[in-house]
Amino acid sequence: MKDLLNLFADVALLVWGTQLVRTGVLRAFGSNLRQVLARSMGNRFTAALSGIGVTALLQSSTATSLMTSSFVGQGLITLPAALAVMRGADIGTALMVVLFSFDLSWLSPLFIFTGVVLFLTRQDTLAGRIGRVVIGLGLILLALQLIMVSAAPLLATPAVRALLGSVGSDLPTEIILGMLLAVMAYSSLAVVLLIAALAASSMISLDVALGLVLGANLGSGLAAVLTTAKSAVEVRQVSVGNLVFKMMGVALMAPCVGLWLRHVQPLLPSPTHGVVLFHLGFNVIMSVAFIGLTQPVARLVARLLPKKPDTSASQMRPRHLDPSALPMPSLAISCAAREALHQADVVETMMNGMLTVIKTNDLRLAQELRKMDDTVDELYTAIKYYMTKIPREALDEEESRRWTDIISFTINMEQVGDIIERVLIDVEDKKIKPGRSFSEAGMAEISELHARLVDNLRLGMSVFLNGNVHDAQKLIEEKMRFRDLERRYATAHLDRLSENSVLSIETSSLHIDLISDLKRINSHICSIAYPILESAGALAPNRLKTATLGEDNRRT
C-alpha cells in the first residue's frame, strides 16, 4: 500500500512540475509569446513553426490551443491559421518529451535549489518568475527518478502484474485509458513521460505503452475541448478542429503500432526511447501529413459549429474577458480594461438615449434603456469575477494599481447606470404619463448639462485608458464647473417659479431632482481622475480633494 501511495505521489509531483513550468513561463513571457504567435500567421508553415517554439517553452499543447483560440475569438487570426499553429504545437510538446527522457536527474537538485533562491529572494520580479520555471523543471526531473524507484517494488507484486497483463492486447482499451489519464492530468507531456517510465521499469509492456501514447495524444485534444466548452463559438472551433486532427492521426497510426514494434523498436536501445520516439513520430507524421488539410477541416468545423448571427443581446455580453489570458497577469488586466471600456460604451448609449426620452417622451425607448442597465450590471459582475481570478501574487506594483483602477472604474460605471435608470423612471412617472413638459429655458439647461456630461464621460474614458495626468486634471476642473453650473440653473429655476411659470411649477420636483442626478453622475465620472492623479503625485492632500469628496458624500 505504501509503495502504491508513493507512486501516486510521484505522479502528482510530475504533473505539478509541468504546471509550475507552464504557469511560470506564461507569467514571465506570456505577452511576448502571444505576440510571436500573432506575427507568424503569414502562412501555415511559419504558423506551425511558431507553434513548435511556443509549445516547447510552455510544455503544453493545451495551453497553446487556449492561447490560439483566444486570437480566433477576438477576430485576430483565421481558423485555418490557428489549426496550423496546433500542428506545430503537437511537435513542440513531443520534442520536450524526448528531452526529458534523457537521464538529467543530476540537474534536479541544482534546478530546485537555484529556482527556490530566485523565487524567494526576488518573487515579484522577472527573475522570481523564472525561478518558478526552474523549480518546475527540477521537480519534473525528480519525479521521473522517483517514479522509477517506486515502480520497482510494485512490479514484484503478482496482483499488479496480473492487472497490467489484463490491459494488454486490446488497443481500443489502451487508447481510452491513455486519453482519460491525459484529461485528468491536463498534460499529455506528463502522461507520456509517465508511460515511458513505466515501460522502462517493465511495469507495462511496450505494445501497451504505445497504445497509451496514442490515447494520451487524443486526451490532450479532448482536454482543450472541455476547457473551452463554455467559450464563444470561434474559440471552440479551434479546439474541436484540433481534436479532429488528433482523431485522424490516431486512426492513421493505430495500425502502425505492430510495424513499429517489428521494424523500429529493435533498432532502439531501450523501451523508453521506443515510447518517446513513437510519440514524436506520431506528431511529426500527423503534422506533415495533415498540414495541407487545415482549410478542409476548418470548413468542416465551421459546419459543425456555425457562428451565431450577431444580435443586440450578444453584442452586449462580455467580449474581451479571455480565460486563457488569466495565467498572464499583464495581459489579463488589459483584457479586463477593454471590457471596462465596453461597459462604459453601454453607459454612454444609455446616457445619449436618456436625453432623447426627456425630449420626445418615448416610452418604448425608455424601457429599452432601462433594460440596458441590467447589461451594465452583468458586465460589472463579469469583470469583477474575472479580476478575482487573476493571481494577485504575480502582480507587480504598477499592475496592482491598474487592478484597483479597473475595479474602481467599473463600480463608477455601474452606479452611473443605476442613476440613469432611476432618472428614466422619474421621467416616465412625473413627465411622460402625466403629459407634462419642461419650459423652454428649463429644457435648454438640461440639454446643456447633458452635453457637458457626455463630454466628461468621454474624457473620463480617455483618462482611464491612457492615464494622462493633464486630462485627469482637466476632468477635476470640469467637476468644479459642473457643480457651479448646477447651482446656477437651480437658482434660475427658482426664479421661474417666482414668476408663476406654469410649466416650471408642474415639473419643478422633476427638474430639481434631474439636475441633481446629473451632477451625481458627473461626480462618479470625474472620480476616475483621482487614482491617476494620486499615483502621479499630482493630487495634493488639500481642500481640493477633501472638499469635492465631502460634497459628493453630502449629495449621495
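Author: A definition comes first: a crossing of two helices is right-handed if the near helix is turned clockwise from the far one by less than a right angle, and left-handed if anticlockwise. The model discussed here is predicted.

Reader: What is the handedness of the crossing in which α11 passes α13?

Author: The crossing of α11 with α13 is right-handed. The axes of α11 (residues 233-253) and α13 (residues 271-290) come within 10 Å and cross at roughly 115 degrees. That angle is taken between N-to-C directions, on a scale from 0 to 180 degrees.

Reader: Which residues of α11 and α13 meet?

Author: From α11 the residues are F245, K246, M248, G249, V250, L252 and M253, and they meet F278, F282, I285, M286 and F290 of α13. The residues of this contact divide into 10 nonpolar, 1 polar and 1 charged. Lys counts as charged and Gly as polar.

Reader: What makes R87 buried or exposed?

Author: The cut-off for a buried residue is under 20% relative accessible area. R87 has a value of 1%, and therefore counts as buried. This arginine is found in helix α4 (residues 79-101). Leaving aside neighbours within four places in sequence, R87 is in contact with N242, F245, M286, S287 and I291. Of these, F245 and M286 also belong to the contact of α11 with α13.

Reader: How do you know whether T272 is buried or exposed?

Author: T272 has a relative accessible area of 15%; this is under 20%, so T272 is buried. T272 has its place in helix α13. Residues up to four places away in sequence not being counted, T272 touches S101, A196 and A200.

Reader: How much of the chain is buried, and how many helices and strands are there?

Author: Buried residues make up 53% of the 556 residues in the chain. The chain has 24 helices and 0 strands. Among contacts with a separation of 6 or more, 81% are accounted for by residues 24 or more positions apart.

Reader: Which residues touch the most other members of the largest nonpolar core?

Author: They are M351, I406, I420 and I521, in a core of 73 residues. The elements that give two or more residues to this core are α16, α17, α18 (397-432), α19 (440-466), α20 (469-498), α22 (508-526) and α23 (529-535). Of these, α16 gives the most, with 17 residues. I406 touches I333, A336, A337, A340, I383, M387 and F464, residues up to four places away in sequence not being counted. Another core, of 72 residues, lies apart from the largest one; among its members are L193, I195, L268 and A298.

Reader: What makes I476 and C526 buried or exposed?

Author: I476, in helix α20, has a relative accessibility of 5% and therefore counts as buried. C526 has a relative accessible area of 0%, so C526 is buried. The C-alpha atoms of I476 and C526 are separated by 6.0 Å, although the residues are 50 residues apart along the chain.

Reader: How many disulfides are there?

Author: The count comes to 0 disulfides, the cut-off being cysteine sulfur atoms within 2.5 Å.

Reader: What makes A451 buried, exposed or partly exposed?

Author: Partly exposed lies between the cut-offs of under 20% for buried and over 50% for exposed. A451 has 37%, and therefore counts as partly exposed. A451 is found in helix α19, and its C-alpha lies 9.1 Å from that of N352, 99 residues apart in sequence.

Technical notes. Residues are numbered from 1 along each chain as its sequence is written. This is a predicted model: local features need pLDDT of at least 70, side-chain atom pairs count only at pLDDT 80 or more; totals for chains, interfaces and linings use all residues. Side-chain values use heavy atoms; hydrogens and water are left out. A nonpolar core is a set of buried Ala, Val, Leu, Ile, Met, Phe, Trp, Tyr and Cys residues joined through side-chain atoms within 4.5 Å. Buried means under 20% relative accessible area, exposed over 50%, partly exposed in between (1.4 Å probe, protein chains only). Helices (H or I, at least four residues) and strands (E, at least two) are DSSP runs, numbered from the N terminus. Contact means heavy atoms within 4.5 Å.
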